[in-house]
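User: I'm new to reading protein structures. Could you walk me through this one, step by step?

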Amino acid sequence: MPEHELRAAIEDFIHAHSTCALAAASGDFVRCTPLTYKYRAGKFAVFSEGGLKFRALKENKHVALAIYDEYKGPGSAKSLQVTGIAAVIGADDPDYAAQLDSLDINAAHMQKLHLTLILITPTTLEYLDSTLKDRGYFPRQCLKLS
């Protein structure tokens, strides 16, 4: 699949959703958490009050994120698996507001909520779309960003 078509399909898929499953691990500890996200400037912004995922993120910044449609039988599979690097930025961190402003997210509002920002920079995007076969493409496409 031509890269420009793949990038457009991936962007459309990301913007058509708002919920993901974020996986983080450290040693033998693994955590996968459903979260909402915002996608800005090629990065995923996830906000969280806390939780066990931060235990893994302290030691390992490598994460995986999955976005998917409900499976409704053969030919309906559609998903995106993202591998990336997470930066954890607390509401008290000096660059919290600047990071949010750069993503066009209301920093003042988010700071009041004391939500931690998990900013994920993708390194690999693996897109699965069963309908790509109808267009002559392999259903699983991979886009390496680094």
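Analyst: Let's go from the whole chain down to single residues. This is a predicted model, where local features need pLDDT of at least 70, side-chain atom pairs count only at pLDDT 80 or more, and totals for chains, interfaces and linings use all residues. Residues are numbered from 1 along each chain as its sequence is written, and side-chain values use heavy atoms, with hydrogens and water left out.

User: Which elements does the chain have, and how do they run from the N terminus on?

Analyst: Helices (H or I, at least four residues) and strands (E, at least two) are DSSP runs, numbered from the N terminus. Here you get four helices and seven strands, in the order α-β-β-β-α-β-β-α-α-β-β.

User: What radius of gyration does the chain have, next to a compact globule?

Analyst: The radius is taken over C-alpha atoms, and the globule rule is 2.2 Å times the number of residues to the power 0.38. For 146 residues the rule gives a value near 15 Å, and the chain has 16 Å, which agrees. Along its principal axes, the C-alpha trace spans about 50 × 35 × 30 Å.

User: How do I read strand pairing, say for β1?

Analyst: Two strands pair if DSSP finds at least two bridges between them. Strand β1 (residues 19-26) pairs with β2 (residues 29-40) in the antiparallel sense, over eight bridges. Ser26 has Phe29 in β2 as its bridge partner. Two residues lie between the strands of this hairpin, and Gly27 takes a positive phi near 60 degrees. Strand β1 also runs antiparallel to β4 (residues 62-68), joined by four bridges; there, Ala23 stands opposite Ala64.

User: Now α1: which of its residues are buried, and which are exposed on the other side?

Analyst: An α-helix has 3.6 residues a turn, so residues three or four places apart point the same way. Buried means under 20% relative accessible area, exposed over 50%, partly exposed in between (1.4 Å probe, protein chains only). In α1, Leu6, Ala9, Ile10, Phe13 and Ile14 are buried. They cover an arc of only 130 degrees around the axis (using directions from the helix axis to the C-beta atoms), so they sit on the same side of α1. His4, Asp12 and His15, on the other side, are exposed.

User: What do those buried residues of α1 pack against?

Analyst: Contact means heavy atoms within 4.5 Å. The buried residues of α1 pack against β2, β3, β4, β5, β6 and β7 (140-144).

User: How many residues are in the largest nonpolar core?

Analyst: In soluble globular proteins, nonpolar side chains tend to be buried together. A nonpolar core is a set of buried Ala, Val, Leu, Ile, Met, Phe, Trp, Tyr and Cys residues joined through side-chain atoms within 4.5 Å. The largest one here has 29 residues, and those with the most contacts inside it are Phe44, Ile67, Leu80 and Ile120. Helix α1 gives the largest share of this core, five residues. There's also a second, separate core of 13 residues, including Leu103 and Ile105.
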